[in-house]
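User: I would like to go through this model term by term. Please set each value against its cut-off.

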Amino acid sequence: MWPSADSSPPRQAAVIDVGSNSVRLVIYRLEGRAIWTVFNEKALAGLGRDLPATGRLSAQGVELALTILRRFKVVLDGWPVEDVVIVGTAAVREAQDGPRFLERVRQETGFEIRVLTGEEEARYAALGVIAGQPDADGVAGDLGGSSLELAPVSAGAPGAGLTLPLGPFALGAPKPLNVERARKTIDARLAPLARSFRAPLFYAVGGAWRNLALLHMALTDYPLRIAHQYEMSRTDALAVARFVERQSKQSLERIEGVSKKRFDTLPHAALVLEALIDHLAIERIVVSAYGVREGLLLEAMAPEIRSRDPLIEGCEALTALRGLTVELGPSLEAWLAPVFGQLEPMFGHRDRILLAAACRLADLGARLHPDHRADLAFDQVLRAPIAGMNHCERAFLACTVFSRHTAQADTPDRAAIARVLTPERRQRARALGAAIRLGADLSGRNPALLAGTSLRIAGGKLVLSADPASRSVLHGEQTPKRAGALAQALRLKLEIV
């Protein structure tokens with residue numbers, strides 16, 4: 001059974017990221033391994049816009065960056081120094097007048113900016129990918145305004161990374177993309193790295209690539225407009241990249257789903273992605289909404305917390321925020337594990353994690369109106385900002401939560417769910433939801449009562465039994481009804497002992 005979160009109180013942390021294109025403040029709520037964004041503000045200052053031509057920061061960008069940093073200083077007034085992290089990346093690192101900019105920031109705001117080396121930036125981007133997907137195995141690529149950072153990720157740790165001057169500004173943005181000239185530059189930089197960084201899975205970090213993913217969703221009418229862990233095949237990614245490369249700024253402006261502030265740089269980002277796919281033999285692209293900022297947070301966590309699963313902790317926190325007991329979820333997991341451990345796996349080794357996560361969502365709808373809680377809980381899980389799950393797993397958990405509160409077969413967003421989940425996985429979600437409903441109602445949400453009962457599969461039957469001291473808990477009209485619904489979902493006969 002997966003361990004429960006400890007009782008340490010949640011805390012807040014703030015990260016200011018002074019990048020080549022944007023200056024951003026993100027305030028996070030940290031609940032164990034769960035990372036929640038509670039405030040997010042940025043300004044596209046374009047500090048690195050003039051760097052390739054002049055070697056200096058954009059004068060206009062410097063003034064805009066200082067303006068937004070003065071605002072951030074007011075927003076964070078009274079915060080403990082240890083809860084605020086301020087980092088600068090490629091533009092500040094490489095510009096001749098970078099030190100002068102840092103001094104102005106210090107004088108006008110009091111902020112001390114830690115300038116990351118290229119290797120550090122690559123490492124933190126890879127750690128951010130791991131923060132959002134602990135089992136990531138491939139290469140992480142973080143595309144900023146001026147640079148591209150690459151680092152391998154495997155077994156929950158980043159490998160040695162590097163930085164390359166392949167950001168859109170380094171390739172000529174905001175001027176229109178010169179495809180042939182930019183391609184020669186990109187190929188010359190990537191060709192020597194092909195053998196060292198080759199991997200079938202590529203984790204794409206950065207706003208430009210997130211916008212490419214959102215564009216692909218719009219073009220394919222994809223039902224879940226959630227960038228994190230959105231996946232594209234090699235063929236799909238190449239198609240959308242080449243589509244963007246051919247578009248004029250005016251054409252891009254007519255496409256819904258693309259940030260208007262990305263029109264000048266998106267074609268350049270698309271060309272870099274296309275080249276990476278070819279040089280590194282990439283077969284699948286996974287978008288990560290987590291990057292350097294979340295990598296910094298992950299590194300600062302205690303090793304014991306860092307080792308936990310973000311999906312399970314996120315689901316537990318989603319319910320715990322409502323002031324409900326946290327013991328019910330782990331108790332349900334232990335109670336249901338013997339049954340679901342005997343079934344054919346639907347997600348391979350991830351079945352255990354999904355069972356643990358679903359059980360921790362058992363009380364998600366407790367404070368919602370009973371006539372609507374199934375639909376509301378479904379929608380909340382389908383779109384919750386919880387890390388550690390792909391879109392298929394997200395849909396599975398949403399369907400499970402729906403069936404935990406109702407016997408209805410048809411979920412909301414039926415067409416969307418049918419596109420993401422196979423019929424077999426939808427049926428398994430229905431069974432798991434029915435099982436959680438049985439356990440919660442059988443025990444009256446009292447974890448101690450579950451210990452006196454057991455659920456198992458034996459001789460082609462679903463057997464619900466109780467020890468002598470707990471026998472009365474099986475009586476009443478509701479228990480056979482709930483157990484019967486579960487048996488039906490599992491296509492088994494029911495026996496209550």
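Analyst: Ala281 is a place to start: it sits in the loop between α11 (266-279) and β12 (284-288). Helices (H or I, at least four residues) and strands (E, at least two) are DSSP runs, numbered from the N terminus. This is a predicted model, in which local features need pLDDT of at least 70 and side-chain atom pairs count only at pLDDT 80 or more, while totals for chains, interfaces and linings use all residues. Residues are numbered from 1 along each chain as its sequence is written, and side-chain values use heavy atoms, leaving out hydrogens and water.

User: Why is Ala281 called partly exposed?

Analyst: Its relative accessible area is 29%. Buried means under 20%, exposed over 50%, and partly exposed in between (1.4 Å probe, protein chains only), so at 29% Ala281 is partly exposed.

User: What makes the phi of Ala281 worth a remark?

Analyst: Ala281 is not a glycine, yet has a positive phi of about 55°. Most residues other than glycine have a negative phi. Gln229 also has a positive phi, near 60°, and lies in the loop between α8 (207-220) and β11 (231-233). With a relative accessible area of 4%, Gln229 is buried.

User: Which peptide bond is cis?

Analyst: The bond from Ala173 to Pro174 is cis, with omega near 15°. Pro174 belongs to the loop between β9 (162-164) and α6 (179-190).

User: Why are α14 and α16 called roughly parallel?

Analyst: Helix α14 (residues 310-320) and helix α16 (residues 350-359) pack at an angle of about 10°, their axes 8 Å apart. Axes are lines fitted to C-alpha atoms, for helices over the stretch in contact, and angles run from 0 to 180 degrees between N-to-C directions. Angles under 35 degrees count as roughly parallel, over 145 as roughly antiparallel, 65 to 115 as roughly perpendicular and the rest as oblique, so the pair is roughly parallel. The residues in contact (heavy atoms within 4.5 Å) are Leu311, Ile312 and Cys315 of α14 and Arg350, Ile353, Leu354, Ala356 and Ala357 of α16. By class, seven are nonpolar, none polar and one charged. Ala, Val, Leu, Ile, Met, Phe, Trp, Tyr, Cys and Pro count as nonpolar, Asp, Glu, Lys and Arg as charged, and the others, Gly among them, as polar.

User: What makes α5 roughly perpendicular to α12?

Analyst: The axes of α5 (residues 118-132) and α12 (residues 292-300) come within 6 Å and cross at roughly 80°, which makes the two roughly perpendicular. Among the residues in this contact are Glu121, Arg123 and Tyr124 of α5, and Glu294, Leu296 and Glu299 of α12. The contact has eight nonpolar, two polar and four charged residues.

User: How do you know that α15 bends, and where?

Analyst: α15 bends by about 30° at Ala334, and Pro338 follows within four residues. The bend is the angle between axes fitted to the seven residues ending at a residue and the seven starting there. α15 (residues 328-340) has 13 residues and spans 18 Å from first C-alpha to last, close to the 18 Å expected, that is, 1.5 Å times one less than the number of residues. Its buried residues include Leu332, Trp335 and Phe340.

User: Why does Gly365 count as buried?

Analyst: Its relative accessibility is 0%, so Gly365 is buried. Gly365 lies in the loop between α16 and α17 (373-383). Leaving out residues up to four places away in sequence, Gly365 touches Arg373 and His405.
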